[in-house]
Amino acid sequence: MKIKKLTQNQKTAVTSAVYPIFSLALIFALWAITAAQTGSDLLIPSIGKTFEGLGALLSDKATYVDIAATLLRALRGFVLSFAIALALSVAAAVLKPFAKILAPMIAVMRSTPTMSVILLCLLWTNTQIAPVFVTVLIIFPLLYTAFYSAITGVDKKLTDMAKVYKVPFATRLFKLYIPSALPTVFSAVRSTLSLTVKLTIAAEVLAQTKNSIGVDMQLANLYLETPTLIAWTLIAIVLGALLEIAVYVLGRLCMRWKNA
């Protein structure tokens with residue numbers, strides 16, 4: 001009986017699946033050992049206790065209301081950041097003086113401590129708007145820098161050739177600029193989406209935003225319910241991971257369109 005050999009693509013797929021599984025197994029092993037050595041569910045709860053808390057949360061309808069509310073705030077902040085960053089990066093790429101004027105402002109925004117931004121937003125806005133405002137102020141400069149680099153990084157020889165041969169602007173846009181910038185854009189979006197979720201939750205904690213993961217985490221901490229706190233943390237991690245996966249799938253689909 002002949003054993004069928006795996007193709008290179010199959011080997012790559014198997015390897016890609018094995019490493020994450022091994023990594024998760026290692027994390028859970030370290031968690032179990034640390035919890036056993038500590039012997040206190042208050043400090044480091046066991047895996048069983050944590051998943052009991054997770055099950056209790058997932059059986060409560062209020063959990064899904066809070067998850068949806070936090071996700072909506074995060075997406076609002078991200079969409080606003082994306083739109084502003086895209087508009088300003090295009091303007092900066094076209095108008096070089098505008099790019100020079102904007103550069104110091106972007107540098108200041110990127111250097112401002114996150115906690116300072118959150119506290120200032122709490123002074124300027126209410127508890128519902130603050131998480132969105134925080135997201136925009138922190139995520140916008142990151143996206144702007146990535147978008148501006150993507151636009152200005154398009155091959156100069158190709159753009160000059162297109163101008164010489166008087167290629168229509170629409171053709172240049174859809175056949176040159178967008179396909180060239182897409183990989184960088186999707187990479188920036190993937191790297192900032194999970195950060196957006198974390199920033200939103202952090203702002204919710206300080207702002208005491210009603211119906212939010214942040215407040216649920218703070219209440220769990222206040223009442224020393226460590227298993228519940230870690231369960232909420234796991235939910236936040238999964239939420240960020242699902243958003244990144246969605247962007248990855250969308251990016252692959254767009255790459256197929258680019259290569260078509």
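**From a buried threonine to a surface patch**

Thr-70 sits in helix α3, which spans residues 61–94. The model shown here is predicted. Thr-70 has a relative accessibility of 1%. Buried means under 20%, so Thr-70 counts as buried.

What does the side chain of Thr-70 reach? One partner is the side chain of Glu-204, joined to that of Thr-70 by a polar contact of 3.0 Å. Another is the backbone nitrogen of Ile-213, which the Thr-70 side chain reaches at 2.9 Å. Leaving out residues up to four places away in sequence, Thr-70 touches Thr-200, Ile-201, Glu-204, Ser-212 and Ile-213.

Ile-213 leads on to the nonpolar core. The largest such core has 42 residues. Ile-213 is among the members that touch the most others, along with Leu-143, Tyr-144, Phe-147 and Trp-232. The largest share comes from α8, with 11 residues. In soluble globular proteins, nonpolar side chains tend to be buried together.

Leu-143 shows the packing in detail. Residues up to four places away in sequence are again left out. Leu-143 then touches Phe-78, Ser-81, Phe-82 and Ala-85, and also Ala-188, Val-189 and Thr-192.

Now return to Ile-213 and follow its helix. In α9, Ile-213, Gly-214, Val-215, Asp-216, Met-217 and Ala-220 are buried. Leu-224 follows α9 and has a positive phi, near 55°.

Helix α3 also holds Ile-84. Is Ile-84 buried or partly exposed? Its relative accessibility is 36%, so Ile-84 counts as partly exposed. Apart from neighbours within four places in sequence, Ile-84 is in contact with Val-136 and Phe-140.

The last stop is the surface. Leu-242 is found in helix α10, residues 226–259. Leu-242 belongs to a nonpolar surface patch with Val-238, Ile-245, Tyr-248, Val-249, Leu-250 and Leu-253. Together these residues have about 640 Å² of accessible area. An α-helix has 3.6 residues a turn, so residues three or four places apart point the same way.

Note on methods. Residues are numbered from 1 along each chain as its sequence is written. This is a predicted model: local features need pLDDT of at least 70, side-chain atom pairs count only at pLDDT 80 or more; totals for chains, interfaces and linings use all residues. Side-chain values use heavy atoms; hydrogens and water are left out. Patches are made of residues with over 30% relative accessible area and no salt bridge: like charges are joined within 9 Å, nonpolar side chains (Val, Leu, Ile, Met, Phe, Trp, Tyr) within 5 Å. Accessible areas come from the Shrake-Rupley method with a 1.4 Å probe; for residues, only the protein chains shown count as cover. A salt bridge is a side-chain nitrogen of Lys or Arg within 4 Å of a carboxyl oxygen of Asp or Glu. Helices (H or I, at least four residues) and strands (E, at least two) are DSSP runs, numbered from the N terminus. Buried means under 20% relative accessible area, exposed over 50%, partly exposed in between (1.4 Å probe, protein chains only). A polar contact is a pair of N or O atoms within 3.5 Å; within protein, one must be able to donate a hydrogen and the other to accept it, and residues adjacent in sequence count only if both atoms are side-chain atoms. Contact means heavy atoms within 4.5 Å. A nonpolar core is a set of buried Ala, Val, Leu, Ile, Met, Phe, Trp, Tyr and Cys residues joined through side-chain atoms within 4.5 Å.
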